[in-house]
Structures are given as structure tokens and as C-alpha cells.
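Please read it alongside the sequence and the coordinates.

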Amino acid sequence: MKLHFELTELQTGYVAAIDDERFEDWPNFFTPDGNYEIIPRENFAQGLPAGLMHCFGQTMMRDRVVSMREANVFHAHTYRHFVSGLEILSQSADEVVTRSNYLVMRTVNELNADVFQVGRYDDIVVRTDAGWRYRSKRAIYENARVDTLLVIPV
Amino acid sequence: MQVGDGADVDKGSGDPPGGKVRFPGSDGSSVPFEVYSSKEIYDLEQERIFRGPTWNYLALEAELPEPGDFKSTYVGDTPVVVTRTPEGDFAAWVNRCAHRGAIVCREKRGNAKSHACIYHQWSYNARGDLEGVPFRRGVQGVAGMPGSFDLKQNGLRKLRVASYKGLLFASFSDDTAPLADYLGERMLPGIDRIFHKPIEFLGATRQYIHGNWKLYMENVRDGYHASLLHTFHATFNLVRSNQKARVIGDTSDLHTCGDLFITPDPSGASDYKDIATFKDKLSLEYPEIVENRQEFEELVANHLQCIFPQLVIMQIQNVLAVRQVLPKAPDEFELIFHFFGYADDSPEMRRHRVTQMNLVGAAGLISMEDGTAIELVQDGIKSGPAGHSIALMGLDAAEEDQERVPMAENHIRRFWRGYQRLMGF
């Protein structure tokens, strides 16, 4: 029960950082060598690796954030995450494998909101000196057509 | 003006094609906005381009490795299924039951010996031949199909299928030149280079853009916008505007092949310093994301090859893909990236390719802005007074300079000349 609470806290902090646009905090939810990927379920089901975002380590995540802040051009938009059904699939003393559902609404220019992405997180969470961190987080989305573009990690 | 295959164009009943649309000239330098928004012109394009004398990309052979493998896709907005037959060759047919017109194949991809329409269970083989009609003799010999009903005459509408170096294409037209001739000798070397050995399919990603499909076909022929809209390279000081380039067209004013070569700059200086987006202090923590591991004789950083009407063959550093454009409405299209590597890639090389997928596609560090730019044009032209866009860069330049400097808009002009010819505009 305590473990479930701690993992929920990690997840809540993670989505709050993104939804509050504190993107510089986003890599800190991972271990330094942590992986983050966004992969369409149609590829995942076929065992194919191609996806939208593949960050192998915090360095690539930080590059993503700098690029988003400094280089990439897009309409102002925000996410609101709805996460549910956190399930612990396996656990040892320092590593937990979890799965949960996510729904991301995207609001563009504070005018219109649409369902942007729906899928599940497949996570490996490890205990570090600083607390629980993601060693791997894979967002496997079901609505394969990405509307216009994806800038912000989900 | 390019005078072309006038015989390929159905001029209809003598009415002006496309209603009132008028291109201000014949050199492709000016495009009336209504061709991006008119439903009438969209429908005419389906007939004269996608179901006309063109070859449309369907799939990579590597997506269909086994007999019976199939994939649902589109030619223009017509649903089409491509299959590998039990004999090992490829077939394509319109995904519309010969009986009542229902979609027959409802899966995106899979493997099947036959394809049955769920409505009345009419069943077709991989070639699209009708093989079974339930209750064909009726019940107790009564109320069946007429005795004259011939299965052979009631198969699915088949398309011509041809393959070049593992790229599968289809055509509705019996008159289209053989595929290699359609691609043309100026386009084949680029394809031969990318497909010089067996490939491995790595998956597809999809992007849905609320704009006209031709805005994308302009975009991929437009070297002018590259460094101005996409500022990733400039921001991180990764490329110089004096890089050697070669942008060539074919003789039919349809296709374009652009290559950007890696040219080390011994001075270490950057020509980007005069561009406002340059940020002196930024650098990548993970520069391998743009590292080119040389795998071709020529050191090409960026290869974009546009095959009319709806295919783009792409190599950016070590990420390889073919992009397929599927128009859905005058103001909507789907863009599918089919990623691949080579069958003999090491796991490490495959990982490198996956790493570089970050550069392209809907979330591409160097490309994500294209969808937004196209939608800004669509939003800008959908209402308001009549008008036209212009593409004049390099208009006065010599042909050899246009091929050397990608900023010239000559390949946009060429696209429109080919388009005007096929459409009869």
C-alpha cells in the first residue's frame, strides 16, 4: 500500500511537471541512463521499434527541452493528463514494473481542447538515493494519427 | 512551357476543367489559392492524378514478407489493398466489394488466404478474384444468382502493380509508362543508392495535417524554408548555409531529388551568424543524434527525393524512411513515415537509426514545424478575396545555379508545371 502510494506520488509529480510546463524538471524524474519513448501501439504489437520520441538517457531529454524552448516553432499549447489504473506487475526491493492508463487533452492557444493521445505507460521504476525514479517509461499510444505535431513529451 | 502528355488528360465534355480556376501563367511560378481548397478540384485530382497516368507508392516489399501478407492503404483517397500472393508476386485491388460496395478488408495489415466481405460473405483471393458467393444456387435451388452470373467477371477492381528495388507502386491506368521509365533515369540513381541492399522495416508513424496535400508536396521541394522554419540545426550550430547541394529534376517536371552533402569547414566558422535564430552558446549534450555514420560512397547528410504524386524517399544522416501522402479532403491529409534500416544492421546500428528517428516525423526536432506551416497557409487562404501564391526565387538564375542552390524555388515551379499538364489547367 505504501509502495502504491509512493509510485502514485511519482506519477503525479511527473504529469504535474509537464502540465505545469516545468519541462526542465521532466528529465529529473528519470535515472541518468533512463529511457523514455513514445511508440504507437501498432508498432509495439508487431515488435517494431519506430516511434515519435526516443530519449536514451537524460542528456537526450535535456536536448529535447532546450530544442523545444529555443529552436522549435509551434502554436502555444498545454497538456492536461488524466492517469488511472496504476498496476504493479512485478516488484523486487529496488525495482518495480508498473502499467497505467493515460489520456492527454491538448489545449491550443487556450481556445480549444481535444483528445490528443490515449494509451498506457509501461514503466520500470527504481529506488535511488533521491527516491523513486523511472529507469524506463514507454508511452504506448493507440490513436496512431498524431494531430499536426507532437512537441511536449506525454 | 512544358508541353506534355496531352493525350493522358481527359478533357471531359469541353467545359473548362476545374471550373473557373485559372493559373496566371504556365511557368508554375503562381498558384491560385482555390486549388488548395476547392472540393471540385480535389475530386478532379483524384480522377486525373491519383487514378490517372501516375504510379502511386503502396508499401515496401519488406512490409509483406510472407505469401498472404496484406496491407490496407490508399491510392489518393481510394481504399486499396496490396497483397503478396501465394505465388510470391504482388497484387492490389480496390477495397470495395463487387456486390454492394462495402469495404472488404477491414484490418490495417495481416496475413490471409482469402478476403471475405462481412456483409454477405462474398470471398476473394489475394489477387482480388471472386471465389465464393454464398447461396449462389439459392435455397433448395430457388432464388440464387442468375445462371449467367460469372465469378470471373465480378472480381475486385485490380490495379497495375510494379516494384522497383523493393518499393511497391500501383496505377489505375493501363497507359502509364513502365515504372522505371516513369521514375526516369535522373531519379533512379538516388533510389538505387538508398535501396542498394536488403532492408528491414522498422515501423510506421502517422501524422494528420489539416491542409491540402499539395502544400506538403511543395514543402518537400522547398529548400528555401528549410533553415528559416526549422531552426534546430542553426540553434545548435550544426550546419552551415554554404553546404554543397545538388537538387535535380526529371524531364517530365514531376519528380525532384535533393541532396545536401557534408562539407567539413576547416575554419570552424558558421555562416549562420547572420541569421537571427543563431544562438552562440547552445550545444547538444548528445550530438550523436546528428552524427553521420558514412554508409554511402557520397557523404550525404540529407537526401529528399520526391516522386510524383505522393511519395518522398528520405535519408537524413542515418535515418531512412519513405513518406506516403494520403489526401483525405481538400484541407486534410495523412502523412505516413515508413522507417527502415538494412537487414544486416548490427543491433548498435539499429539503435543509432532509432535514435535519429527523433529528428523526423510528427515530433521531429528538425521537421515538426512543417505541419504547422502548412496549416497556417490553409487557414490563411480558406476565406477572403481571391489570390495566388508566388514562387519566384531563382526564376532568373541559370539552370545549373538552380540545381546548386536549394533556395531556388524552381522545383516548386516544376511541380506545378507537371500538375497543370496532368490536370489540363
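Which residue is the bridge partner of K71(B) in β6(B)? The partner is R109(B). The points below place this pair in its setting.

1. Basis of the note. The model is predicted, and local features are reported only at pLDDT of at least 70, side-chain atom pairs only at pLDDT 80 or more, while totals for chains, interfaces and linings use all residues. Residues are numbered from 1 along each chain as its sequence is written, and chains are lettered from A and ligands numbered from 1 in the order in which they are written.

2. The seven-stranded sheet. In chain B, 7 strands form an open antiparallel sheet in the order β2-β11-β10-β5-β4-β3-β6. Strands are DSSP runs of E of at least two residues, and helices are runs of H or I of at least four, numbered from the N terminus; two strands pair if DSSP finds at least two bridges between them. The edges are β2 (56-60) and β6 (109-111) of chain B, each pairing on one side only. Neighbouring strands are turned by 30° on average, direction ignored (axes are lines fitted to C-alpha atoms, for helices over the stretch in contact, with angles from 0 to 180 degrees between N-to-C directions).

3. A residue is buried if 20 or more other C-beta atoms lie within 10 Å of its own, exposed if 12 or fewer, and partly exposed in between, with C-beta atoms placed from the backbone.

4. The three-stranded sheet. A further open antiparallel sheet of chain B has 3 strands in the order β7-β8-β9. β7 (114-116) and β9 (130-132) of chain B each have a single partner strand, so one side of each is left without a neighbour in the sheet. The twist averages 40° from one strand to the next. β7(B) and β8 (123-125) of chain B pair over 3 bridges, with N125(B) as the bridge partner of S114(B).

5. Domains of chain B. An automatic or database assignment gives domain 1 (57-163) and domain 2 (185-423). Their centres, taken over C-alpha atoms, are 36 Å apart. The contact takes 7 residues from domain 1 of chain B and 13 from domain 2 of chain B, two residues being in contact if their C-beta atoms, placed from the backbone, lie within 7 Å.

6. The interface between chains. Here 36 residues of chain B are in contact with 32 residues of chain A. The largest share of the chain B side, 9 residues, comes from β12(B). That strand pairs with β7 (145-147) of chain A in the parallel sense over 3 bridges, and R145(A) stands opposite R206(B).

7. Helix α10 (410-423) of chain B. This helix has 14 residues and reaches 20 Å from its first C-alpha to its last, close to the 20 Å expected (1.5 Å times one less than its number of residues). 14 of the 14 residues of α10(B) are buried. Just after α10(B), G424(B) takes a positive phi of about 75°.
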